Amino acid sequence: MLSEGSELNIVCHNNPDPDCLASALALGRIAADAGIDERHILYSGDISHQENRAFVNLLEIDLKPFDASALLNRSEDSLVAFVDHSTPGANNNVPPETAIDIVIDHHPAESIDARFVDHREELGAAATILAEYVEALDMEVDAMLATALLFAIRRETLNFLRGATAAEYDAAGFLHDRADLDLLQTLSTPSVSGATLDAIATAITNRTTTSAVLISHVGRTSERDAVPQAADYLATLEGVETVIVFGVVGESIHLSARSPDPRVHVGDLLRETFADVGSAGGHHDVAGGEIPLGLFADFTTSDDSLLEIIEQVITARLLAELDL
């Protein structure tokens with residue numbers, strides 16, 4: 001398919017993470033090997049997490065803002081690829097009617113419509129699939145690409161503690177000797193902003209626990225990735241099996257959930273709880289979602305009152321869905 005194309009537009013999901021970015025970088029290298037000179041990695045949202053910013057800057061990944069009109073008016077030999085997501089309009093700004101050529105993903109999804117689909121829910125990272133491709137194609141893998149893929153696999157699986165399979169270990173074994181281990185260490189220890197630390201502190205203060213389920217919020221924050229970071233931190237609390245954290249970022253409410261409890265599928269939990277008001281979903285043990293703030297904004301002009309209403313409504317919906 002790549003050999004038939006003259007251009008490849010690799011569309012990241014909104015606010016892309018290292019797994020998405022490394023996968024896009026690898027697919028771009030594969031396309032270059034197939035003779036495609038025009039390659040673009042496109043994204044919407046923000047690169048806000050300190051790890052993600054360091055990832056893009058240190059690995060010199062060339063990103064461009066997503067423009068929907070460019071996809072709608074493209075020529076027949078201009079291809080569109082999704083990595084680490086699969087559906088137009090879901091966690092991306094791609095118009096739903098857009099024809100997609102390539103999808104490579106590991107997230108739960110149904111009815112993926114593309115000319116080429118590699119969808120493996122059982123894997124811990126999309127970067128694992130791309131590492132397999134690079135190895136199978138016998139490509140030259142430089143230190144930057146190997147470092148990007150290895151860091152993405154480690155980050156997506158929380159250093160092989162979440163959702164890792166034998167395929168992740170195989171990919172890591174292939175990439176390890178080719179990666180820049182000093183750069184890998186630098187990427188793994190980025191500085192944390194004061195706003196992120198404040199948000200995590202707020203989540204610690206606001207936590208409530210019912211039957212091993214912890215629900216908390218970070219209030220309003222400028223750091224979107226503070227929400228999942230707070231969830232990761234609170235998931236280590238003794239006696240807690242399921243964690244849901246939410247917070248207001250810009251004009252949206254962001255949610256993040258973690259659960260090793262086999263009785264709770266947090267992807268299904270968030271999707272079923274908020275399907276009528278926003279978009280949410282994910283894996284059995286890690287999930288996220290987003291709800292437009294406009295649904296609540298008409299109730300009050302006071303930010304404190306707005307946060308109080310959001311806390312009450314979000315918490316009540318979660319407890320009802322969990323039957324607590």
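The model is predicted, so local features need pLDDT of at least 70 and side-chain atom pairs count only at pLDDT 80 or more, while totals for chains, interfaces and linings use all residues. Residues are numbered from 1 along each chain as its sequence is written, and side-chain values use heavy atoms, with hydrogens and water left out.

**Exercise 1.** Describe the span, ends and burial of helix α5.

Step 1. Helices are DSSP runs of H or I with at least four residues, numbered from the N terminus, and strands are runs of E with at least two. Helix α5 covers residues 143-156 and has 14 residues.

Step 2. From first C-alpha to last, α5 reaches 20 Å, close to the 20 Å expected; the expected span is 1.5 Å times one less than the number of residues.

Step 3. At the N-terminal end, D142 caps α5, with a side-chain oxygen 3.2 Å from the backbone nitrogen of M144 (a polar contact is a pair of N or O atoms within 3.5 Å; within protein, one must be able to donate a hydrogen and the other to accept it, and residues adjacent in sequence count only if both atoms are side-chain atoms). After α5 comes L158, with a positive phi near 50°.

Step 4. Ten of the 14 residues in α5 are buried (under 20% relative accessible area, 1.4 Å probe, protein chains only). Among them are L149, F151 and E156.

**Exercise 2.** Work out which elements and residue classes line the second largest pocket.

Step 1. α1 (18-33) and β2 (38-43) each give two or more residues to the lining. α1 gives the most, with five.

Step 2. The lining has eight nonpolar, two polar and five charged residues (nonpolar: Ala, Val, Leu, Ile, Met, Phe, Trp, Tyr, Cys and Pro; charged: Asp, Glu, Lys and Arg; polar: the others, Gly among them).

Conventions
Buried means under 20% relative accessible area, exposed over 50%, partly exposed in between (1.4 Å probe, protein chains only).
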